Amino acid sequence: MAAPLPGAPGAGLAAEPAGGGPRGCPRPLPRPPGRDPPPSPPDRRKKKGDSILENPSIPNPFPELCCSPFASVLSASLLPKATSRKKQVIKVYSEDDTSRALEVPSDITARDVCQLLILKNHYVDDHSWTLFEQLTHTGLGRAIEDHELVMEVQSNWVMEEETKLYFRKNYAKYEFFKNPLSFFPDHMISFPSETNAALSHSGILQMFLSSSTYPEIHGYLHAKEQGKKSWKKLYFLLRRSGLYFSTKGTSKEPRHLQFFCEFSNSDMYMSLTGKKISGAPTNYGFCFKPNKSGGTRDLKQLCADDEQSRTCWMTAIRLLKYGMQLYQNYMQPYQGRSGCSPLNITPMRSVSENSLVAMDFSGHRSRIIENPTEALSVAVEEGLAWRRRGCLRLNSHGSPIAMSNMAIHRSQSWFHHKISREEAQRLILQHGLVDGVFLVRDSQSNPKTFVLSLSHGLKIKHFQIVPLEDDGKLFYTLDDGHTRFTDLIQLVEFYQLNKGVLPCKLKHYCARIAL
């Protein structure tokens, strides 16, 4: 076999002798005799102990064009993030049934959607905005928790049920964390035997959020029998393992308890139409709807005897289902504030509360009036001054414009023209049964009067605003003429500062916002 020619491929390649270089590396060609080796280029790299300096390296301005696609320079920070987040379009409605379509990522939460709508519409963020899920045909609705993924909520919708997302305020969303003692009547709650009889504000919170202990909620509820139109009154118990009812009176023995529902794979809804659709014995209904269910036939419907009982049950079930996640949602707006420790915080006052203080501008410097008696007298004097100015207002023909004072309230957010008593109660219920939530509406029984609908003590009360005519001038009053106002705006502003004959001050108004 002929030997390979010098310089041809394979020439100079041989097995490496013992102690040689790496296996399979090419061996240098033999130097021709009588020739000196060519001088090697100077080593410009910096070595230990050498004084030769290294040439400065020139940074590459476009490393992503030169490097391998698998190099570390193509990190996630250089790639567009939108490629990994699929976007979808959702439709959100407001109280006046106007809607807005939003293109959002698939992992967006309910809080993020609310923040987006707040920014787009330039609303004030007072931490009460909520995304609300409403089932139109069945008259059910629920406030979506801030941490819930909107796309997951929509994935549980069924075709035969018309379901919408609403953007509105819910002042009662985290009211439990501000005032837990008022949410649970003594006759409906039982604490563990080792617990002291008197619990503090933080003690009740810790017990509801604890993973080891949980108070027992018990009481009578009306339950709709499955597949029937009849309702049956039973004694229910709420425990960490789920909701049970007793088959023998009020017995709590295990052999008498029958399982009713668990909450990990179902959502809780409130009845917004009372007993009209479901035929319930009372107007205080709520139900459990399994995720991805077949529709209304799988609903487990209950109703309480009063609003306080329903609020107690629904609040306890909500805390049982979400636990610390609910508390983290409540704490999130306050996490940047100094001095906020868990279970020991002072909630921020709402924007409406911060803006309603009695001020004195009579001197060179303004001051806040803290004395209630002085604030009342100043409010009365200011009301008289408004009244005098109202009488001097003239129209284009030079005559007093008494008729315009009657219609000036129509532009206010708290006024709702020609809504029924039931619609007013539903609107206040959706905004949360917190003391001071109110609206003003036309009276259905007397077209010339108005009605102030107000939430207090988990109840909705209605007060008639009566017009009075004195010396050819028209006034409005809530207390048979003892306190008079030239228009409804003065009346509302007065009772925002003073309780007067009302059970509480006016704090939060129900508004029909437009998107």
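Two residues are in contact when heavy atoms of theirs lie within 4.5 Å. Keep that in mind as we walk through this predicted model, in which local features need pLDDT of at least 70, side-chain atom pairs count only at pLDDT 80 or more, and totals for chains, interfaces and linings use all residues. Residues are numbered from 1 along each chain as its sequence is written, and side-chain values use heavy atoms, with hydrogens and water left out.

Let's start with the whole protein. Of its 515 residues, 41% are buried, meaning under 20% relative accessible area with a 1.4 Å probe, protein chains only. Among contacts between residues at least 6 apart in sequence, 53% join residues at least 24 apart.

Now find Thr130. Because its relative accessibility is 1%, Thr130 counts as buried. Leaving aside neighbours within four places in sequence, its contacts are Cys114, Ala143, Ile144, Tyr166, Phe167, Arg168, Asn170 and Lys173. With Lys173, the side chain of Thr130 makes a polar contact of 3.5 Å (a pair of N or O atoms within 3.5 Å; within protein, one must be able to donate a hydrogen and the other to accept it, and residues adjacent in sequence count only if both atoms are side-chain atoms).

Next, look at the aromatic rings. The whole structure holds 24 aromatic pairs; rings of Phe, Tyr and Trp (its six-membered ring) pair if their centres lie within 6.5 Å, and planes under 30 degrees apart count as stacked, over 60 as edge-to-face and the rest as tilted. Tyr174 and Phe177 make a tilted pair, 6.4 Å centre to centre with 45 degrees between the planes. Phe177 counts as buried because its relative accessibility is 4%.

Notes:
Buried < 20%, exposed > 50% of the residue type's maximum accessible area, 1.4 Å probe, protein only.
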